Amino acid sequence: MKENCAYSLVSPTSMGLRITPLYQQPVHVSDHFFLQATSAESNVLTVSAALGERVKALTTFVKDSPIAQLIKNDLRKRNIEFEGKEVPQGGPWGYRHQINIADMGYGVRGPRVTNDRAGEVGRTLSVDDFDLERIFDKEGVRILHISGLIAALSPETGKFCLELAKAAGKYGTRISFDLNYRESFWKGRAEELRALFTEIASITDILIGNEEDFQLALGVQGPEAGGENISEKIESFKGMIANVQRAFPRASVFATTLRQVVNANEHVWGAILLASGNVYVAPPKPIHVLDRIGGGDGFVGGLLYGLNKGWEPEKAMQFGWSTGAMATTMIYDYALPASEEQVWSVWEGNARVKR
């Protein structure tokens with residue numbers, strides 16, 4: 001890792017709101033909702049920020065918007081620094097911050113997610129709005145983390161993420177890329193986005209995705225997505241990771257989460273990491289789930305925290321498994337650990353009261 005950096009982690013993001021029905025009810029029958037500021041990328045930043053690391057979000061805001069102010073206040077509360085352009089709204093039909101409408105699901109009823117992103121201000125993100133030499137050279141960044149969600153948001157954000165990754169690499173910053181494939185983002189754009197994702201992945205140091213991500217975003221073959229008896233398919237997941245390594249040899253760390261959904265509130269959760277020619281496995285085991293949204297981001301946040309701390313790859317993976325599991329116990333889209341000790345108690349399966 002690069003030394004003497006102001007920031008351990010920096011990520012481009014398009015911030016918005018998530019509204020969630022209370023009492024684990026579906027959206028269409030609810031009249032009480034919980035509102036939070038969110039984005040996949042800030043979810044990843046939150047783990048390191050909560051544990052005392054300095055992190056920054058590169059984003060953009062609607063000028064003079066009360067929603068923008070709410071988002072800024074929330075980022076400050078999470079100890080996440082931010083910078084970005086203030087874009088005039090341009091009237092009632094102009095720019096705004098995205099809205100994610102998602103219930104938690106309950107039992108046999110799975111969660112449902114609707115993205116309302118028309119007019120999203122994050123689509124205007126451009127490297128011209130940031131002093132990349134200051135950020136990556138003068139201040140210094142250990143890891144730049146990019147999510148496929150922001151890369152696929154628009155042709156402009158795709159170009160932004162690619163140029164940002166190239167600039168980071170120029171100044172010795174490691175690049176992390178979580179593919180985060182979403183069918184609704186890719187509709188009618190598969191050829192364009194696969195080419196973009198392949199180019200970003202080719203200059204990435206840390207490449208992350210699940211079985212669906214690698215197959216649909218990069219065309220790397222692997223096991224069936226969302227299958228049953230996931231513990232019996234570890235070897236096929238290892239084979240997929242090996243295929244990814246052959247396709248993208250520049251990367252030094254490859255990671256995938258393993259998730260089997262028993263019902264909305266019980267998952268089987270595991271992880272696999274390939275680093276320095278060695279494969280490490282966090283064997284899938286049952287976890288109780290309050291809200292699954294953000295579990296994958298929680299894993300990435302913990303993994304990157306561990307790698308930034310210089311831990312052995314297996315230890316970093318175990319920490320990521322734990323922060324991912326922790327995120328599913330919270331109503332927020334992110335894991336917000338009180339300490340490293342709390343995270344390790346999750347890994348150890350120790351849920352005893354601490355007084």
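Mentor: Buried means under 20% relative accessible area, exposed over 50%, and partly exposed in between (1.4 Å probe, protein chains only). The model is predicted, so to speak: local features need pLDDT of at least 70 and side-chain atom pairs pLDDT 80 or more, while totals for chains, interfaces and linings use all residues. Residues are numbered from 1 along each chain as its sequence is written, and side-chain values use heavy atoms, leaving out hydrogens and water.

Trainee: Does Asn100 count as buried or exposed?

Mentor: Asn100 sits in strand 6, residues 98–102 (strands are DSSP E runs of at least two residues, helices H or I runs of at least four, numbered from the N terminus). Its relative accessibility is 12%, so Asn100 counts as buried.

Trainee: Which residues is Asn100 in contact with, leaving aside neighbours within four places in sequence?

Mentor: Contact means heavy atoms within 4.5 Å. On that basis, Asn100 touches Leu17, Arg18, Ile19, Val113, Thr114 and Asn115.

Trainee: How many of the residues of helix 1 are buried?

Mentor: Helix 1 covers residues 40–50, and the rest of the structure largely encloses it. The buried set includes Glu41, Ser42, Asn43 and Thr46 as well as Val44, Leu45 and Val47. Just after the helix, Gly52 has a positive phi of about 95°. Of the 11 residues in helix 1, the buried count is 10.

Trainee: Which are the edge strands of the open sheet?

Mentor: The sheet has 9 strands with mixed pairing, in the order 5-4-1-8-9-10-11-12-13; two strands pair if DSSP finds at least two bridges between them. An edge strand pairs on one side only, and here the edges are strand 5 (80–87) and strand 13 (278–288).

Trainee: What angle does the direction of helix 10 make with that of strand 11?

Mentor: Helix 10 (residues 295–308) packs on the sheet and touches strand 1, strand 8, strand 9, strand 10, strand 11 and strand 12 (266–275). Angles run from 0 to 180 degrees between N-to-C directions, with axes fitted to C-alpha atoms, for helices over the stretch in contact. For helix 10 and strand 11, that gives about 150°.

Trainee: How far apart are the axes of helix 5 and helix 7?

Mentor: Helix 5 (residues 155–170) packs against helix 7 (residues 190–202) at an angle of about 15°. Helix 5 contributes Pro155, Gly158, Cys161, Leu162 and Lys166 to the contact, and helix 7 contributes Glu192, Leu196, Glu199 and Ile200. Their axes are separated by 10 Å.
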